[in-house]
Amino acid sequence: MTTDQLHSIPELLARNVASFGDKPAYREKEFGIWQSWTWTQAAAEIDALAAGLLTLGAVPDDHIAIVGRNRPALYWVMVAAQRIGCVPVPMYSDAAAEEMAYALDHCGARFAVVSDQEQVDKIADIREGLTGLEHIIYLDGRGLRKYDHGAMTSYGDVQAAGRAAELSVRLDELSAARGYDDTCVMLYTSGTTGRPKGVVLSNRNVIETSKNSSDFDGLRVGEEVLAYLPMAWVGDFIFSIGQSMWTGFCVNCPESEATMMTDLREIGPTYYFAPPRVFETQLTQVMIRMEDAGRVKKWLFDHFMAVAHRVGPDLLDGKPVGGLYRLRYALGNLFVFGPLKNTLGLSRVRVGYTAGEAIGPEIFDFYRSLGINLKQLYGQTEATVFITQQPDGEVRSDTVGVPSPGVELKIAENGEVFYRSPGTFMSYYKNPESTASTKDTEGWVATGDAGFIEEGSGHLRIIDRAKDVGQMVDGRLFAPKYVENKLKFYPNILEAVVFGAGREYCTAFINIDLTAVGNWAERNNIAYSSYQELSQHPQVLGQIEAHVSEVNTSVASDPMLAGCQIHRFLVLHKELDADDGEMTRTRKVRRAVIADKFSDLIAALYSDATDVYTETEVTYEDGRKGQITATLDLRDAVVAAEQVAA
Amino acid sequence: MKDSYITPDGRTIGGVLMDMRGITLRFGGVEAIKNISFDIREGEIRAIIGPNGAGKSSMLNVISGFYHPQDGEVWFRAAKRPTMRPYDVARQGIARTFQNIALFEGMSVLDNIMCGRLTHMKTGIFSQAIWHGAAQREEVENREAVERIIDFLEIQAIRKTPVGRLPYGLKKRVELARALAAEPKLLLLDEPMAGMNVEEKEDMSRFILDVNDEFGTTIALIEHDMGVVMDLSDRVVVMDYGRKIGDGTPDEVRGNQEVIDAYLGVAHD
C-alpha cells in the first residue's frame with residue numbers, strides 16, 4: 001500500500017502493523033514498570049474495542065466522548081471510534097461538571113469512555129440533563145463495584161464482548177466507508193471568550209498536517225514522545241495520534257500526573273513539546289536548587305552557564321565559534337550541561353517545541369544554550385496546530401517562524417494574521433455563523449492575533465491578541481501581553497494582567513509564584529500562614545515593585561510600545577485559576593472575566609487610594625464555593641523616561 | 001445473633017471475625033479497660049470512639065497482641081487466642097497503623113511498604129543476599145503486590161522518596177500502605193485522620209472505604225473526628241474511662257444519652 005492511499009487513521013494503523021508490527025507503539029508506566037504494546041498488539045486491542053462498541057449499538061457518525069488522563073487505552077478509543085466510522089471527542093478531564101455537561105450535550109455523545117470513578121461521578125452529577133448519553137465505559141473500576149451497571153460497562157468487558165463477536169469483516173467495511181474528507185476528530189477549543197466551540201477536523205486535515213510537519217523536522221519511526229498534555233488539546237492529538245500514526249513512532253504515557261518529571265527522565269524523549277509554563281517551572285526549580293547548592297557547585301554552574309549563554313545557541317545553529325570557547329563549552333557539557341539535561345529528562349531531545357504563549361527570551365535562551373534544540377511554533381486548533389514553525393538554524397525567541405509547509409499567510413490592514421492551509425478546519429460543530437465569521441469562502445481563517453511578517457527573514461512576529469491590542473487615551477498602542485510576558489519572566493511572578501486600553505496610563509495585577517517566593521521566604525526566615533499573607537508581605541511587594549520598574553525601563557526602549565509602562569500595580573491575594581473561570585484550561589488569562597470580577601480593584605488602581613479592601617468568591621476543586629477577603633496594597637512603580645524616536 | 005446481613009450501601013457483612021469477651025486491662029492500680037465485650041464482624045468498618053484517656057488505644061493494643069489483658073478472652077476466627085507475641089498476631093492476619101507514625105524515616109516509601117510483606121516471605125537471609133532462584137522470584141512477586149498497593153493509594157510519585165521528607169498526610173498514607181501490604185484479614189487504624197486538613201481527611205476516608213470495598217478487609221479504627229466516624233463506620237463502640245458506654249450503629253450511638261453526656265459533659269448540680 002503506498003502512502004497516497006492512506007485516507008484515515010485506521011488505514012495508517014494497518015500500514016504500521018504491516019511495516020513495523022513488532023516495534024513498540026505505546027508504552028505506559030504502570031505498577032512501577034514500563035508496559036509496552038507493539039503496533040500489532042495495539043491494533044488487536046483497538047479492534048476488540050471497536051467491535052465491542054458495535055455490540056453496544058454504536059453506529060457510524062456517533063460521537064464518542066473520551067475523558068481521562070493520557071493512557072494508551074484512551075488513545076485506542078479514538079482509533080476504535082474511527083474504525084467504526086464514529087467521531088472521537090476528547091475532553092478536558094479536569095473540567096468542572098458544568099463545563100463538561102456543555103460539551104457532552106453539544107456534541108450529543110451517545111457513549112462516554114472515562115478513566116475512573118472521579119469522572120463517572122462527574123457525569124453522574126450532570127446525567128439528568130444529558131438526554132443523548134446512553135452508556136458509560138470506564139477504564140479503572142476501583143470504587144465502582146456498588147454502582148448501578150445498567151448503563152455502564154468496564155473497558156475490559158467491552159473488549160471481551162468485541163472479541164467474542166468476531167466482527168472483523170464488519171470493522172473493515174465500516175473503516176473503508178470513511179473518506180478523506182470525513183470527520184476525523186472533534187476538539188473543543190478552550191474558549192478564551194464565550195462558550196467552547198467544537199472544531200471539526202477531517203482526515204485530510206489531520207493526515208496532511210501530520211505528513212507535512214513530520215517531514216519538516218524529519219520525524220521518523222524510532223522517535224520517542226511523552227504524552228502528558230491534555231488529550232482534548234489539538235496538539236496532543238496531532239503528536240500522539242497524527243504524527244505517531246504517520247511516522248510510526250512510539251507514544252509513552254506517564255504513570256500519573258505527579259510522576260511526569262520522573263517518567264520524562266526515564267523515557268528521554270527525542271521529540272518533545274511543552275508549553276512555556278513547563279519550561280518556566282523547570283527553570284525556576286533549577287534556579288531554586290542552585291541557590292541551595294554548595295559554593296563550588298554554584299560557581300561551576302554560574303561560570304559555565306555564562307559560557308553557554310555566549311556560544312551555546314551559535315553551536316546549536318552550526319555557526320562558527322572559536323576553538324577556546326568550543327573547549328570551554330565541552331568542559332561545561334561534561335560538568336554542568338550534560339548532567340543538567342539528564343536531570344531535566346531532555347538529554348535526547350532532537351526536536352523540541354514550545355507554543356501557546358510567548359516564551360520569555362531568557363528562558364528560551366537558557367534551554368538553547370544547554371544545547372537543546374528548542375524551537376517555537378505558532379498554531380491553533382482551527383489550523384490543526386501548525387501555522388508557522390521555526391526551521392533548524394533559524395531559531396529566535398521573538399518570532400514564531402516561517403509558514404509551515406502548505407500554509408499561506410496574509411496580514412490584514414488592522415494587523416490581524418490570516419492563514420489558509422491543508423489543515424484548515426472543516427467547521428465549528430452546529431455553529432455555521434461562527435464558521436462563516438472565522439473562515440471566509442476562499443478558505444482564509446482569521447487567527448485573532450495581530451502580527452507582522454519580518455522583512456528579510458520572512459518570519460512571523462506576533463504582537464498580541466488582535467482584540468486585546470488597543471489604544472490608550474492619547475492614541476498610543478496598548479499591547480498588554482507584550483508587557484505581561486516581560487513580567488512573567490521573573491521567577492517570582494507567575495502571572496500578570498495589564499490594563500490600560502482607553503486609559504491614561506497602564507496598571508497591572510500580579511500573581512506571585514508560590515514555589516519561588518515560598519522558597520525565598522523559607523530561606524530568609526519569613527513566616528507566613530497563607531498565600532494571601534505572603535502575597536502582601538512588604539518585602540515581596542518591594543521585590544515585585546523593583547521588577548515592574550525594570551520592565552518599565554525595558555518597555556520604554558521600544559518607541560512603539562513605550563506607552564505601556566506600568567504606573568501602578570497590586571499583587572493579587574489569590575492565584576488566577578481555571579476553576580474560577582479566570583483562565584482557560586490551557587492557562588490563558590480571560591481578560592474580560594478578570595476585569596469584570598475585580599472591577600473594584602481596577603477602579604482603585606486608577607484612584608489615589610493606597611490600599612483597597614476586597615471580597616472574592618473562590619471555587620474549590622470539588623466545586624464548592626467560598627469567600628476570601630483581603631486588603632491589598634496599591635503600589636506605584638518607577639516609570640522610565642521614554643526614548644524619543646529619532 | 002444473626003449471621004450475615006447486607007448494609008444499605010450493598011456490602012455483605014459476614015459472621016463474627018473477632019470477639020472480645022470481658023476484657024479487663026490493668027496497669028498497676030489503674031484499670032485502663034474495665035470488663036469490655038464487643039465483636040467485629042467480617043467485612044465491616046468498626047469504630048472505637050471516646051474522649052481522651054478513654055482506653056481506645058489500649059483496646060487496639062489488646063487486639064494487636066501488644067498488651068495482654070489480665071481478664072477476658074480474645075476470640076479470633078472462632079478460636080480462642082492464646083497469649084501471643086505481636087508478630088504472631090501479625091502472622092494471623094492482623095495489621096495496624098500507629099497514632100504516632102512509626103515508619104522507617106531514612107528508608108524509601110517502597111522499602112517501607114516492602115517491610116509489610118515480611119510475613120509473606122519465606123526465603124532465608126542468605127539466599128536473599130545471594131539473590132538467586134527462589135529469593136529472587138519471591139522478591140519479584142512481593143514487589144508486584146506492593147506496586148499494586150502503591151497504585152491503589154496513588155503514591156507512585158513518592159515511591160523512591162525517603163519517608164522523612166514527606167509531609168504528614170502522605171506519611172499516614174504510606175503507613176496505611178505498609179499495613180495493607182500484609183494483606184490483613186483485620187486492619188487496625190489508630191487515628192488515621194489525626195492532624196489532617198479537610199482535603200486530606202476526605203482522601204483518607206475514600207481510601208479506607210475503597211480498601212474495605214475492594215479487598216473486603218475488615219477494619220477497626222479509632223478516630224476523634226465524629227463526622228468521619230459517623231460517615232465511615234457500620235457500627236461504633238463508645239468508651240469512657242475504660243468502660244463501654246455505647247455500642248451500635250452510628251445513629252443509635254448518636255442518640256445515646258450516656259454518649260452525649262460523655263462528649264458534651266454533664267452539669268453537676
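Helices (H or I, at least four residues) and strands (E, at least two) are DSSP runs, numbered from the N terminus.

**Entry 1: the model.** I noted that this is a predicted model, in which local features need pLDDT of at least 70, side-chain atom pairs count only at pLDDT 80 or more, and totals for chains, interfaces and linings use all residues. Residues are numbered from 1 along each chain as its sequence is written, while chains are lettered from A and ligands numbered from 1 in the order in which they are written.

**Entry 2: Glu257(A).** I located Glu257(A) in the loop between β11 (250-253) and α10 (260-267) of chain A. I then looked up its surroundings: Glu257(A) counts as partly exposed because it has 13 C-beta neighbours inside 10 Å. (A residue is buried if 20 or more other C-beta atoms lie within 10 Å of its own, exposed if 12 or fewer, and partly exposed in between; C-beta atoms are placed from the backbone.) Between Glu257(A) and Arg69(A) I read a separation of 188 residues in sequence and 8.0 Å in space, C-alpha to C-alpha.

**Entry 3: Val469(A).** I found Val469(A) in the loop between β21 (460-465) and β22 (470-471) of chain A. Val469(A) is buried, since 21 other C-beta atoms lie within 10 Å. Leaving out residues up to four places away in sequence, I listed the residues that Val469(A) touches as Ala450(A), Ile463(A), Asp464(A), Phe478(A) and Ala479(A); contact requires C-beta atoms, placed from the backbone, within 7 Å. Val17(A) lies 452 residues from Val469(A) in sequence and 50 Å from it in space, C-alpha to C-alpha.

**Entry 4: the nonpolar cores.** I recorded 182 residues in the largest nonpolar core, where Ile66(A), Met91(A), Ala112(A) and Ile510(A) have the most contacts inside it. (Such a core is a set of buried Ala, Val, Leu, Ile, Met, Phe, Trp, Tyr and Cys residues joined through C-beta atoms within 7 Å.) Helix α2 (residues 39-55) of chain A supplies the largest share of this core, 10 residues. I also noted a second, separate core of 65 residues, which includes Val89(B), Ala157(B), Val238(B) and Val259(B).

**Entry 5: chain A against chain B.** I found 10 residues of chain A in contact with 13 residues of chain B. By class, the side of chain A that touches chain B holds 2 nonpolar, 4 polar and 4 charged residues. (Ala, Val, Leu, Ile, Met, Phe, Trp, Tyr, Cys and Pro count as nonpolar, Asp, Glu, Lys and Arg as charged, and the others, Gly among them, as polar.)

Definitions and conventions: Two residues are in contact if their C-beta atoms, placed from the backbone, lie within 7 Å.
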